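This report goes through a few features of one model. Please look at the sequence and the structure before reading on.

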Amino acid sequence: MLVDTTKYDGSLHYRFETEVVHRDEGLLALHLKPGTPMQSYRGPRDSEQHILMVQWAGLPWKLSVHWKPDWTPRLHYVDVIDGLAWSDGVLRLVDMDLDLVLRPQFAGPILDDVDEFEEHRERMGYPADLVQRCRDTVFEVAAKMAQREPPFHGALHGWRPGTDVLPLLSGAATAGL
């Protein structure tokens, strides 16, 4: 499946091919392997790690679980998003700049790219309701991360290619997802 992400103004954020791990009406899970070529706003590059991307239909955020090439767990990374759609072999979304990072060795999440969000908010003219939704999303997801609620409970770091991701998401449906 092609992942095609843009910024709010339509400019390229990231574009790359992934392997579909799970797909149904409400959930899409994709695996990005180390060495996968990527187009990015920073220029062409190759992925340096394993990434499991999990996207729930209707949620304004995307979860990426990262490992080093040897499968050592690295982090959970949440992108606040808009314009989510997946069809015809393409996942499309708009990256809204605000990110939350949860590393196994730290107690709580770290909010990243607030300066980028503010700069783009002004330059690209984010509507007030979208700005508020992005901020609300950060607050809600940060609370789930801090409490280690599913899917941030660490079980996803046990996933490997060829295994079912759904059992590792157990509890996510009851956690408001």
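## Two packed helices

H1 and H2 are roughly antiparallel to each other, a label used for angles over 145 degrees. The model is predicted: local features need pLDDT of at least 70 and side-chain atom pairs count only at pLDDT 80 or more, while totals for chains, interfaces and linings use all residues. Residues are numbered from 1 along each chain as its sequence is written, and side-chain values use heavy atoms, with hydrogens and water left out.

Helix H1 covers residues 114-124 and helix H2 residues 128-146; the two pack at an angle of about 165 degrees with their axes 12 Å apart. Helices (H or I, at least four residues) and strands (E, at least two) are DSSP runs, numbered from the N terminus. Axes are lines fitted to C-alpha atoms, for helices over the stretch in contact, and angles run from 0 to 180 degrees between N-to-C directions.

Phe-117, Glu-118 and Arg-121 of H1 and Val-131, Cys-134 and Arg-135 of H2 make the contact (heavy atoms within 4.5 Å). By class, this contact of H1 with H2 has three nonpolar, no polar and three charged residues.

## The largest pocket

The largest pocket has a volume of about 690 Å³. Of the 33 residues lining the pocket, Tyr-14, Arg-42, His-66, Tyr-77 and Asp-79 are the closest to its centre. On a 1 Å grid over the protein atoms alone, a pocket is an open set of points where a 1.4 Å probe fits, with protein on both sides within 12 Å along at least five of seven lines; lining residues have an atom within 4 Å of a point.

S10 gives the largest share of the lining, five residues. The lining divides into twelve nonpolar, six polar and 15 charged residues.

## Backbone exceptions

Most residues other than glycine have a negative phi, and most peptide bonds are trans. Asp-97, not a glycine, has a positive phi of about 80 degrees; this residue is in strand S10. A cis peptide bond, with omega about 10 degrees, joins Pro-150 and Pro-151.

Note on methods: Points joined across faces, edges and corners; volume = space filled by probe spheres on them. Nonpolar A, V, L, I, M, F, W, Y, C, P; charged D, E, K, R; others polar. Parallel < 35°, antiparallel > 145°, perpendicular 65-115°, else oblique.
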